[in-house]
Amino acid sequence: MTSMQTPLHNITLPASVSDAGVVMREDKFRGHLNLRGNPQDAAFTDAVAQVLGVALPLAPNTSAEQGSTRIYWLCPNEWLLLVAEGTQGQVEADLRAALAHQHIAVTDLSSGQTLVNLSGAKLDELMMKSAVYDCHASNFPVGKVVQTTFAKAGATIYKCEDGSFDLVIRRSFSDYFFLWLKDASKEYGLSVI
Amino acid sequence: MSTKQDQCHRLEQGGRIDRSQPLTFTWNGKQYQGYKGDTLASAMLANGIKIVGRSFKYSRPRGIFGHGAEEANALMQLGVGKETIPNPRATQIELFDGLTATATNGWPSADFDLMEWVGKIGGKMMPPGFYYKTFMWPEKMWMTYEKFIRKAAGYGKASLEADPDIYDKLNRHCDVMVVGAGPAGLAAALEAGRAGKRVIIADEQDEFGGSLLASKQTINGQAAAAWAESAAAELAAMDNVLCLSRTTVFGYYDHNFLGALERRTDHEGMTAKSGSRQRIHRIRAHEVVLAAGALERPLVFANNDLPGVMLSGSVATYINRYGVVPGNRCVVMTTNDSGYQTALDITAAGRTVVAIVDTRQQPEGRLIEAARAAGIVIKAGHAVIEAQGSKQVTDALVAPIDAAGEQITGKPVSLSCDLIAVAGGWSPVVHLSCHTGSRPQWNDTIAAFVPGPSVQRQHLAGAVNGEYTTVGALQAGAQMGALAAGSEATTSYDCGDESVGLAQALYLVPHTKPVSRAPKQFVDFQNDVTAAGIELANREGFESIEHVKRYTAMGFGTDQGKTGNINGMAITAKNLGKTIAETGTTIFRPAYTPVTFGAMGGRDIGELLDPARHTAMHPWHVENGALFENVGQWKRPWYYPKAGETMQQALNRECMAVRNSVGILDASTLGKIDIQGRDAREFLNRVYTNAWSKLAPGKCRYGLMLKEDGMVFDDGVTACLDDNHFLMTTTSGGAAAVLSWLEMWHQTEWPELEVYFTSVTDQWATCSFSGPNARKVLAKLCDDVDLSAEAFKFMDWRAGTVAGVKARIFRISFTGELAYEVNVPANQGLYMWQQIVAAGAEFGITPYGTETMHVLRAEKGYIIVGQDTDGSLTPQDCGMHWIVGKNKDFSFLGKRSFTRPDTSREDRKHLVGLKPKDPTVVLPEGAQIVPDPKQPIPMDMLGHVTSSYWSECLGHGIALATVKSGHHKMGDTVYCPLADGRVLAAEICSPVFYDPKGERHND
């Protein structure tokens, strides 16, 4: 739809470089749903698992993935559901139906934030420049989710199977995020794909 | 002229310099040569440069004194123009080709300084506590003193131009952080690295090895420097070990957090060719091994600041590491065995040791015998009591002293020399340990402070802990490295015989004259603090060492008293009849050595200093010429000037467009909180002053939020989306605080309420358009909502389709006009804005910013929380009694405070309108309000102007103000006396200036 613009539509791309040390890819228009509910209540967890096809991760800072659906643990009663583009409305409706009369909240945040993938040979150093959290493999295994900062913007950081990081960045901070990224990766070269 | 001739003090061979790589440098306008591997200091000494600067207060000539971080004299003005760097120590500047340095002071030059004469005559005018004394009396003389002080004071100058370099920071994490790469640090890192731990080892020098680089010892049969090289190579080859050379750990903070400054390119030139010049590593470590070593202490004797007086260990370092002998005829004064090693090194370098002057009565042992065997004269039980010479040392006055080191016991003799090497013992570098709050402890055996107990995961190894032998440092390092890694040490070390005799604790060397009459005996070179000055301070009643420090300025310099402080404390202790342990130390604070502001700023500068938050429509605002205002971190359009318009003209145009037709505002920045749960309504009842029980789906209501003290904290409109689902809006700047507030009350006080809060501020983009033609604009874009005034009333909301996009339409108004706020998911925010602007074109739809919004709402008397309120106004003070619920089942936050006597009194400051008597006047915001401007000062103060604007549609200035008892003073005249002498009169009136019945927004 031409009327849609991602949070990162306003950025000025850097000059393209060969063998860039840092590569950024925005996972545009992914569905983002915030889910609240009681993890001790089997009626809640079962119904969610039924709708999503995958159980909610209950251990702190963990995630679950099934097909195009990924779930981040955010706090003991809060999760971020990342679903395929355009399906968030249906997923929200399905959850509301399955969880009717339960104390839950489902909130569509698909326009309020975006998912950005960072990879590249200089990723480790870039993360050290940008995040105070220890992103070393020994502390940040695949599938871990951490809510921290990226420079001075809040970020939810997830380690992907291939060693790259997925970051959830709020829309209003995305211009600042990209300015920082461009600056921090200047010495390594940045490629936006 | 050949290089060799130039470098008159350079040895033919030896040292770690590369004689095949000569480098040219300029000092005070004259060219010299040094070698790759030199520091600026070693190259200056090689070239026979004696005077490197002038002292702070007395303008005395000063020379290079140390060889590292302890150097107090050799502060340089490095480079010129925008690249210039003030006050680095020559001892820590690696020489590069083309380096340019000048003395930081000295007028007209460091060699010939007129201020010296002022210093000689005027020294008595600047006793300790001089500043404080001039502050006190006579007051009018301060301006005169200040000119004199400014001329005399200070060292290097910072450039006024922008720094051409960039700086950055890295966040590091490790299992074991090793500070210092001397024998102890290397041994520790080797053990931790071999155990597979994530290790960081940092050292301030260009290569690892520390004291080993200037040592003639062997380690397990290998030359010390060679062992250091192989250890460094082994560490560098480990993937789990990060080796940071040229990196000073300058601060050690709570929870094993350390700051380290890496000088990445300073050794290559003035500016970095690419990347950052310096980098701060912000290190979080599980375990820290401090192996920071020790600094040599000078002795305090008369004229001990003359160029040619140097630390003994530094002389040895210049010889062994840099192949430079700083003098040809040397007197060594020592209180311990380490001076003997220096004397042997000087002899080995082919220069003359005139005598070893040992303050101990009967020194014995390995090194003493070696010196005797080398034919060196040893004068035991003697001290150098005075250095003699005008601009450099020419003689040392040597006298016998008693065993306590307090009395001269015989006639002094003069020894001709050009170098006095002073070995006064060692001070462990306790700084980092002390940064964490740990107080150092005095150790009588080594006559020095060592780090005290720490609450952190900190381990000490080597000289920092008073272990001065190389083998002791290596073994302690290995042990602590293994301990930190949770492993067993893998290596043991043998360095041969390192036995030494007992050192004497001596600080102030006696003179034939009393301290107050003897030639100056310097304690702190950088601030010209003398033993006599400390004595005077003590006599004037300054007994706490912290007071002595501040009164005399001891330890205030860029060297932070690394060499002087212990001597000053010892002198104070002696004057007060206390022990040094009782006297204690001043507090050691970061940074260990100065850190450039550039590095501290890193990349958080310019547009990266603080995040600028943008709405989805931001690019449109930029393209359409908006000027922006900061609201919290948001960039909001302030106003949209057209070519040739003044700000006021633009505001008048924007205001009149809204009043007469239609204007559009980006309201996306308002905080939005999605509230779900069957107790959502009850929760709103408790946090807002008014009642929410009966608000039906499809309806909106304005709410005021109070803190417990009953004062207004935030406001906004909340819509009922569904019975158990609400959308709260907050002020743009208050969004995060409100969400925290709600969560706090829910989580700590009312966890039984079933309600969830989620921030949706960024999810929704909000186009707010208002004016008599607003409905016509909306009608062009929306055909699935009945927009008639009867069906879609003021304070209603409807779900509908606008320009093909599913939207929430709120009929709410902050302008007093008919207004709609169309909310769409922010991905479609820009599109929606463009559609509304296009649809409104036929009505001249006018974008307006926050300034016009402020004018329009002030005409209606609507408050802005944080502008008209300041946390001291109740709803009643604001004239908003109507919004305070009287009959709610449960209390609400702030209600109880209404009955407090101070909150309920009638003469509080009230929010009122002010109409200037002169209609052309706009009262300045912040202006004070008085009842009678003719009253003598101090006048009665009634309050102040909180908001004030020119109202184009009313044709006069309007203002909101807080005025004592203002609600009871309607029609009274009050006055605003201004700083420029004008007095503006105004009449107290209702804050609602425009459409008081609200007919326009209800239309």
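A residue counts as buried here if 20 or more other C-beta atoms lie within 10 Å of its own. Keep that in mind as we walk through this model, which is predicted.

**A covered helix in chain B**

Let us begin with helix H13 of chain B, residues 531–539. This helix is mostly covered, with seven of its nine residues buried. The buried ones are Ala531(B), Ala532(B), Gly533(B), Ile534(B), Glu535(B), Ala537(B) and Asn538(B).

**An enclosed strand and its partners**

Next comes strand S14 of chain B, residues 257–263. Six of its seven residues are buried, so S14(B) is largely enclosed by the rest of the structure. Two strands pair with S14(B): strand S13 (residues 247–253) of chain B, in the antiparallel sense, and strand S15 (residues 278–290) of chain B, also antiparallel. S13(B) and S14(B) make a hairpin with three residues between them, and His255(B) in the turn has a positive phi of about 60 degrees.

Elsewhere in chain B, strand S5 (residues 75–78) runs antiparallel to strand S7 (residues 99–103).

| Strand pair | Bridges | Facing residues |
|---|---|---|
| S13(B) and S14(B) | six bridges | Thr247(B) and Glu262(B) |
| S14(B) and S15(B) | seven bridges | Phe257(B) and Arg284(B) |
| S5(B) and S7(B) | three bridges | Gln77(B) and Thr102(B) |

**A five-stranded sheet**

The S5(B) and S7(B) pair belongs to an open sheet of five strands in chain B, whose order is S2-S1-S7-S5-S6, with mixed pairing. Which strands stand at the edges? They are S2 (30–36) and S6 (85–89) of chain B; each has a single partner strand, so one side of each is left without a neighbour in the sheet. From one strand to the next, the twist averages 40 degrees.

**Two helices that cross**

Two packed helices are described by the angle between their axes and the distance between the axes. In chain B, helix H19 (residues 647–660) packs with helix H24 (residues 850–859) at an angle of about 55 degrees, and their axes are 9 Å apart. That angle makes H19(B) oblique to H24(B). The crossing of H19(B) with H24(B) is right-handed.

Which residues of H19(B) and H24(B) meet? From H19(B) come Leu651(B), Glu654(B), Cys655(B) and Val658(B), and from H24(B) come Glu851(B), Thr852(B), Val855(B) and Leu856(B). By type, the residues of this contact divide into five nonpolar, one polar and two charged.

**Where the chains touch**

Finally, we turn to the contact between chain A and chain B. The contact takes 37 residues from chain A and 38 residues from chain B. On the side of chain A that touches chain B, at least two residues each come from strand S2 (31–36), strand S6 (105–108), helix H3 (123–130) and helix H4 (174–184) of chain A. H4(A) gives the most to this side, with six residues. How do the residues of that side of chain A divide by type? There are 12 nonpolar, 15 polar and 10 charged residues.

Terms used: Residues numbered from 1 in each chain as written. Chains lettered and ligands numbered in written order. Predicted model: local features only at pLDDT ≥ 70, side-chain atom pairs only at ≥ 80, totals over all residues. Axes fitted to C-alpha atoms, helices over the stretch in contact; angles between N-to-C directions. Helix = DSSP H or I, 4+ residues; strand = E, 2+ residues; numbered from the N terminus. Parallel < 35°, antiparallel > 145°, perpendicular 65-115°, else oblique. Left-handed = near helix turned anticlockwise from the far one by under 90°. Contact = placed C-beta atoms within 7 Å. Nonpolar A, V, L, I, M, F, W, Y, C, P; charged D, E, K, R; others polar. Pairing = 2+ DSSP bridges. Buried ≥ 20, exposed ≤ 12 C-beta atoms within 10 Å, placed from the backbone.
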